Amino acid sequence: MKSHQELQNQLNELIRIGSDIVARQLTKASAGNLSVRDPDREDVMLITGTGTWLDDLGQSSFVRMSLSGEILEGDLQPSSEWRMHAEIYKMRKDASSVIHAHPKYSVLLDAINREIRFFTLDHISYVRSYGASPFAPNASDQLASGVAGNFRTHDVVIMSHHGVVTCGETPKWAYRKLLNMEDSAEMTYRALMLGDKDSGFPKDQTLSVHN
Ligand SMILES: [Zn+2]
């Protein structure tokens, strides 16, 4: 009963986060997908259904499925990007939520080969580091394994020419990482526009934040 309530709470958090992602224009139309791991079964996740719009989610928008692809509950087909979520949960036993959206500054700077710099305490604390996965066709095994491999060492991964995916212990933690990744990218973009090519958070202070 306790874990049932915990799952309901996490789905409600994802529903609120979905609205916020659209309100902040971090994705367009029905793009992006959200999931949580079932608190009762580490090999099961609940993920947004294909074609769902993130600002119009309800409890019935989620499909309960095993990480190997078996649909257990739900009226919809799972998001076409379900393999990527499943591979991340397999790679990261500590992750309880995965969030994927299409934020434009992160994708743009990666596409034009600019390193995204961290400027603030929040960037350093929440993003810490990010990986980048080369472009691969949507919904492919190649995309899922390429992205998941980056999660060995990062909690935030840019999918080149596509979007950003993050994981966390809760939906809120995963979302915090996505917001701060995009904020880092926007600040880097603005710094570049001002002609600044290398400023960032003081390197000699980075270790003190992480320890
Ligand atoms: Zn996507």
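Visitor: How do you know which parts of the model may be described, and how are residues numbered?

Guide: Residues are numbered from 1 along each chain as its sequence is written. Because this is a predicted model, local features need pLDDT of at least 70 and side-chain atom pairs count only at pLDDT 80 or more, while totals for chains, interfaces and linings use all residues.

Visitor: What makes helix α2 count as mostly covered?

Guide: In α2, which spans residues 82–91, eight of the ten residues are buried, namely W82, R83, M84, H85, A86, E87, I88 and Y89. The elements that cover them include β1 (33–37), β2 (44–48), β3 (62–66), β5 (97–101), α5 (141–150) and β8 (163–168). The names come from DSSP runs numbered from the N terminus, with helices (H or I) of at least four residues and strands (E) of at least two.

Visitor: Why are β4 and β6 said to stand at the edges of the sheet?

Guide: Two strands pair if DSSP finds at least two bridges between them, and the open sheet of eight strands has the order β4-β3-β2-β1-β5-β8-β7-β6, with mixed pairing. β4 (71–73) and β6 (131–133) each have a single partner strand, so one side of each is left without a neighbour in the sheet. Neighbouring strands are turned by 25 degrees against each other on average, direction ignored.

Visitor: How do you know that β6 is paired with β7?

Guide: Three bridges join β6 to β7 (residues 156–159), where at least two are required, and the two strands run parallel. In this pairing, G131 stands opposite V157 of β7.

Visitor: What makes β2 a partner of both β1 and β3?

Guide: β1 and β2 are joined by three bridges and run antiparallel, while β2 and β3 pair over five bridges, again in the antiparallel sense. M45 of β2 is the bridge partner of R37, and M45 also stands opposite M65 in β3. β1 and β2 form a hairpin with six residues between them, and four of the five residues of β2 are buried.

Visitor: Why are the buried residues of α3 said to be on the same side of that helix?

Guide: The buried residues of α3 are Y105, S106, L109 and D110. They cover an arc of only 125 degrees around the axis, which puts them on the same side of α3; the arc is that of the directions from the helix axis to the C-beta atoms. These buried residues pack against β6, β7, β8 and α6.

Visitor: Why are α3 and α6 called oblique to each other?

Guide: Axes are lines fitted to C-alpha atoms, for helices over the stretch in contact, with angles from 0 to 180 degrees between N-to-C directions. Angles under 35 degrees count as roughly parallel, over 145 as roughly antiparallel, 65 to 115 as roughly perpendicular, and the rest as oblique. The axes of α3 and α6 cross at roughly 55 degrees and come within 7 Å, and the two helices are therefore oblique to each other. Their contact (C-beta atoms, placed from the backbone, within 7 Å) is made by Y105, S106 and L109 of α3 and M181, E182, A185, E186, T188 and Y189 of α6.

Key. A residue is buried if 20 or more other C-beta atoms lie within 10 Å of its own, exposed if 12 or fewer, and partly exposed in between; C-beta atoms are placed from the backbone. Two residues are in contact if their C-beta atoms, placed from the backbone, lie within 7 Å.
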